[in-house]
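Visitor: I have a model open and would like to learn how to read a few of its features. Where do we start?

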Amino acid sequence: LTYCYRKPKTKRAKRFLEKREPKLKENTKNAMLIKGGNANLTVTEVLKDIYAVKKPFAVLYKKKNITRPFEDQTSLEFFSKKSDCSLFLFGSHNKKRPNNLIIGRMFDYHILDMIELGIEKFVSLKDVKNSKCPEGTKPMLIFAGDMFDVNEEYRRLKSLLIDFFRGPSVPSIRLAGLEYVLHFTAVDGKIYMRSYKVLLKKSGCKIPRIELEEMGPSLDLVMRRTHLASDDLYKLSLKQPKALKPKKKKNISHDVFGTTYGRIHMQKQDLGKLQTRKMKGLKKRPAEKSAEDGGVSPKKSKSA
């Protein structure tokens with residue numbers, strides 16, 4: 001594919017293009033939430049709640065867009081490049097597939113993975129009358145169920161959900177910042193999404209007592225259609241530049257407990273010339289000295 005590149009005429013346009021240039025450390029992934037041409041109230045509310053959870057790394061399209069991602073992907077790729085979003089959530093509703101959600105991600109502004117989910121039960125943020133987490137809170141993600149590790153489609157869905165909800169990468173965390181949990185459970189062919197607020201209560205010691213309070217949204221989902229990338233394309237999307245790969249350090253090993261061991265290479269030493277501490281116990285006896293000198297006694301014989 002060839003794109004027509006025009007030199008920016010203003011500093012603002014130059015900054016805009018520099019922001020979209022490839023980087024060693026990419027920006028936090030943004031998500032676009034799109035409403036289909038026949039979306040009903042349930043799908044609209046789901047998109048609004050996911051947008052509230054994902055903010056500020058999300059773009060919500062309020063107008064309806066008549067498109068079918070599994071048949072034609074050009075419109076999603078166009079919106080992806082326009083809004084610089086590599087994740088998307090598309091909501092629609094029809095008789096054949098009611099309350100439908102399509103979650104997916106892009107690679108080089110082209111569809112990489114796409115999974116269709118059906119909404120069977122939904123509880124919105126407004127329905128749960130509890131305190132909410134502030135905007136932009138980074139969630140803790142928990143996945144329960146063997147299907148996320150056994151089935152390839154569920155394994156790819158787990159990777160997609162982590163990509164969608166993980167938020168920005170942070171160098172360090174604090175205990176008070178761990179206040180939001182997203183829990184996904186896969187059992188009996190269904191996926192249950194629950195969100196909780198972490199409450200730190202007094203416990204009488206340094207470690208606080210932890211309680212979980214449901215705050216919404218809550219979704220019961222079922223998997224429908226899937227569009228997964230081939231193994232070669234998936235490996236290509238995971239490839240990292242050489243500058244980011246950690247350099248291998250020689251003569252360093254780790255045990256099962258994480259302890260670091262280092263090996264030091266030294267030149268051969270002559271221990272006979274090693275300077276030791278001068279003390280009476282280390283001095284050689286006369287018999288030892290005579291043995292080294294060839295049996296000649298150090299004492300002179302008395303002349304008659």
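Visitor: Is Ser218 buried or exposed?

Guide: This is a predicted model. A residue counts as buried when its relative accessible area is under 20%. Ser218 has a relative accessible area of 7%, so Ser218 is buried. Ser218 belongs to strand β10, residues 218–227.

Visitor: Which residues does Ser218 touch?

Guide: Leaving out residues up to four places away in sequence, Ser218 touches Lys121, Phe122, Val123, Met193 and Arg194. With Arg194 there is also a polar contact between the side chains, at 2.9 Å.

Visitor: How do I read a helix, say α5?

Guide: Begin with the length. Helix α5 has 14 residues, 152–165, and at 1.5 Å a residue these should span 20 Å; the end C-alpha atoms are 20 Å apart, which agrees.

Visitor: Which residues of α5 are buried?

Guide: An α-helix has 3.6 residues a turn, so residues three or four places apart point the same way. In α5 the buried residues are Tyr154, Arg156, Leu157, Leu160, Leu161, Asp163, Phe164 and Phe165.

Visitor: What is found at the start of α5, and what just after α5?

Guide: At the start, a side-chain oxygen of Asn151 comes within 2.8 Å of the backbone nitrogen of Glu153. Just after the helix, Gly167 has a positive phi of about 80 degrees.

Visitor: Which residues does the "domain: Brix" annotation cover?

Guide: According to the unreviewed UniProt entry, residues 29–232. In the model, that span is 22% helix and 41% strand, and its end C-alpha atoms lie 22 Å apart.

Note on methods. Residues are numbered from 1 along each chain as its sequence is written. This is a predicted model: local features need pLDDT of at least 70, side-chain atom pairs count only at pLDDT 80 or more; totals for chains, interfaces and linings use all residues. Side-chain values use heavy atoms; hydrogens and water are left out. Helices (H or I, at least four residues) and strands (E, at least two) are DSSP runs, numbered from the N terminus. The expected span of a helix is 1.5 Å times one less than its number of residues. Buried means under 20% relative accessible area, exposed over 50%, partly exposed in between (1.4 Å probe, protein chains only). A polar contact is a pair of N or O atoms within 3.5 Å; within protein, one must be able to donate a hydrogen and the other to accept it, and residues adjacent in sequence count only if both atoms are side-chain atoms. UniProt positions are given in the numbering used here, feature names are shortened, and annotations may be inferred rather than shown by experiment. Contact means heavy atoms within 4.5 Å.
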